[in-house]
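Work through the exercises below with the sequence and the structure in view. Try each task before reading its solution.

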Amino acid sequence: MNAAIIFVLLLVLMLTGMPISISLGLTVLTFFFSFSNDPMTVVAQKLFTGIEKFEIMAIPFFILAGNFLTHGGVARRMINFATSMVGHWHGGLGLAGVMACALFAAVSGSSPATVVAIGSILLPAMVKQGFPKSFGAGVITTSGALGILIPPSIVMVMYSVSTSTSVGALFMAGIVPGLVMASLLGLTTWWKARKNDYPRMPKATWRVRLKAFRESVWGLLLIVVVMGGIYTGVFTPTEAAAMSAVYAFLIATFVYKDMGLKKVPKVLLDSANMSAMLLYIITNAMLFSFLLTSEQIPQIMADWIIGKGLGPIAFLLVVNVLLLVAGNFMEPSSIVLIMAPILFPVAMKLGINPVHFGILITVNMEVGMCHPPVGLNLYVASGVTKMGITELTVAVWPWLLTMLGFLILVTYWPALSLWLPKTLGML
Amino acid sequence: MLKALDHLEEWLITFLMGAATLVIFAAVLHRYASNIPYPAFQDWLLTINMSWAQELCIYMFVWMAKFGAAYGVRTGIHVGVDVLINRLSSKNRFKFVLFGLMAGAFFTGIIAVMGGGLVWHVREGGTTTEVLEWPQWIVYMAIPLGSGLMCFRFLQVAWNFVKTGQLPHHDHGHVEGIEDLKNEDLIPLALKDNLHPRNVRKGGEK
């Protein structure tokens, strides 16, 4: 009963269009005020202690690192490298677009920024070469989402915070699915391009490839700093994030020189703005999850679902559908923060591996960013391509189907995500 | 007066973001540098205690989060679910947006008051933080101050919205340095070696 009141209240408040963080907070306040005897000062204190964890602080650092490298110059280097490597195959610049998106998204950590950066450089070039606009738009919109699966990923940190799963293991587990997903998107591009005989680029010599690689490698080393540092135990994940922020700063100002020192305060301010917004959602989500736990709702729901005789297969199907629907209304961080505490206890009871569960949620979030009506990538891409949402939805279709197929693969084949962290002894 | 507050807010969160990064960077460097067996240098490093870095970083970021959230109201970065209200007539939409802003002001206002109570309560208790041993109540001041400022920002945005019908809007897809590249020709791909241009297939020339 209480569960019903809480969820209906949250849903109604959210649908009025107020910020998600505020609707979470108001739900908790209203409930405590009317139905509970717990002291209200707990709420204020939770707002502080909720985010008083060093693990959470990886988020602002990763955002800062990403913002230093979210620059047109970096995007261009990634495109150059990708084009020199795969541009001569079927799909040419389109295929290079998939690879460039994967590289840039991993470094910048933001899907919409990837769509804009790669899209506004690559799309005009593709159109000029004779690709239909919808083809390029489809490639960029979907490949831009790769960033949240390839480490470092903020969505994964969110999941780890709300379920106490190891960040290092999650990051490691994201690598293989990330590469497979990029290959599948590339394959779709290649197949469509071959069928329609789209233009290709001449094959680049190894000298050119090496030059392009040397230019882009500085940005890519960011991933190595983070993953290498965490894996070897040199840094904790949060320290790795801080080091990557310092590294990104050094690369952006002294190696790439895209950004003058004068721009640093602006980057810091923008990162602080973004991080504070996410931390504010986290605080209120922590408050909400405290309310759920104190009303024992996850337990009750877990027992209810298991009482229905739902096995792991049916449960994961329900989870995917639920998250895809949620993906229609909210952005990934909010979904993970609200849904993970509810779904996680059930998954544990059904014997699903916490890391595998995290990866499938992350892949689901990727799909959610690209499908109508409110995929954020779709909106940003519509701005870049000057195409309407309906038109774009049609354009995105082949790649979206590929992503959905991949989602099923990830959901029902745990070894795909668990093999690497297991081999490295992180699980 | 308001301008000064705006600048103070921006300056504070910019500083906290940068300083927290440097603190953790210094702590990590210190940890590894003090393992280098270079006698005098090592002894000197070992006299420095950096165990407070983690706690300081947490507090800096919590403060940044509270004041940054207020700044975020001003920049319109706090997003909600707007699919439903965007389908309403503009008159009804106006009501819902205003309701959302007032709800924000209401929530943050209550939290500011409750946070004030908490600070008072903790001050009576006289507890200090674990490592730095700062008075806990000063650290907790972030809640009433940040939330109070946030409440003020919500009211400010609501006032502007009623007067002009404008809402601050955050552009999630903003990327620096794109404008310079947009008009450049990509095909030579900056590899000025005459190896890259031209299309090899039909459909290229238009």
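**Exercise 1.** Describe how helix α3 (residues 41-49) of chain A packs on helix α13 (residues 264-294) of chain A.

Step 1. The axes of α3(A) and α13(A) come within 8 Å and cross at roughly 135 degrees. Axes here are lines fitted to C-alpha atoms, for helices over the stretch in contact, and angles run from 0 to 180 degrees between N-to-C directions. Helices are DSSP runs of H or I with at least four residues, numbered from the N terminus.

Step 2. The angle makes α3(A) oblique to α13(A). Angles under 35 degrees count as roughly parallel, over 145 as roughly antiparallel, 65 to 115 as roughly perpendicular, and the rest as oblique.

Step 3. The crossing of α3(A) and α13(A) is right-handed. A crossing is right-handed if the near helix is turned clockwise from the far one by less than a right angle, and left-handed if anticlockwise.

Step 4. Val42(A), Val43(A), Lys46(A) and Leu47(A) in α3(A) meet Thr283(A), Asn284(A), Leu287(A) and Phe290(A) in α13(A), where contact means heavy atoms within 4.5 Å. These residues divide into five nonpolar, two polar and one charged. Ala, Val, Leu, Ile, Met, Phe, Trp, Tyr, Cys and Pro count as nonpolar, Asp, Glu, Lys and Arg as charged, and the others, Gly among them, as polar.

A note on the source: this is a predicted model, in which local features need pLDDT of at least 70 and side-chain atom pairs count only at pLDDT 80 or more, while totals for chains, interfaces and linings use all residues. Residues are numbered from 1 along each chain as its sequence is written, chains are lettered from A and ligands numbered from 1 in the order in which they are written, and side-chain values use heavy atoms, with hydrogens and water left out.

**Exercise 2.** Which residues does Arg153(B) pair with in salt bridges?

Step 1. A salt bridge is a side-chain nitrogen of Lys or Arg within 4 Å of a carboxyl oxygen of Asp or Glu. Arg153(B) lies in helix α6 and Asp6(B) in helix α1 (residues 2-33) of chain B, so the pair ties together parts 147 residues apart in sequence.

Step 2. Arg153(B) also forms a salt bridge with Glu9(B), the closest N and O atoms being 3.2 Å apart.

Step 3. Arg153(B) has 0% relative accessibility and counts as buried; Glu9(B), at 3%, is buried too. Buried means under 20% relative accessible area, exposed over 50%, and partly exposed in between (1.4 Å probe, protein chains only).

**Exercise 3.** Locate the salt bridge between Asp270(A) and Lys266(A).

Step 1. The N to O distance is 2.8 Å. Both residues lie in helix α13 of chain A, four residues apart, about one turn of the helix.

Step 2. Asp270(A) is partly exposed at 28%, and Lys266(A) is partly exposed at 39%.

Definitions and conventions
Helices (H or I, at least four residues) and strands (E, at least two) are DSSP runs, numbered from the N terminus.
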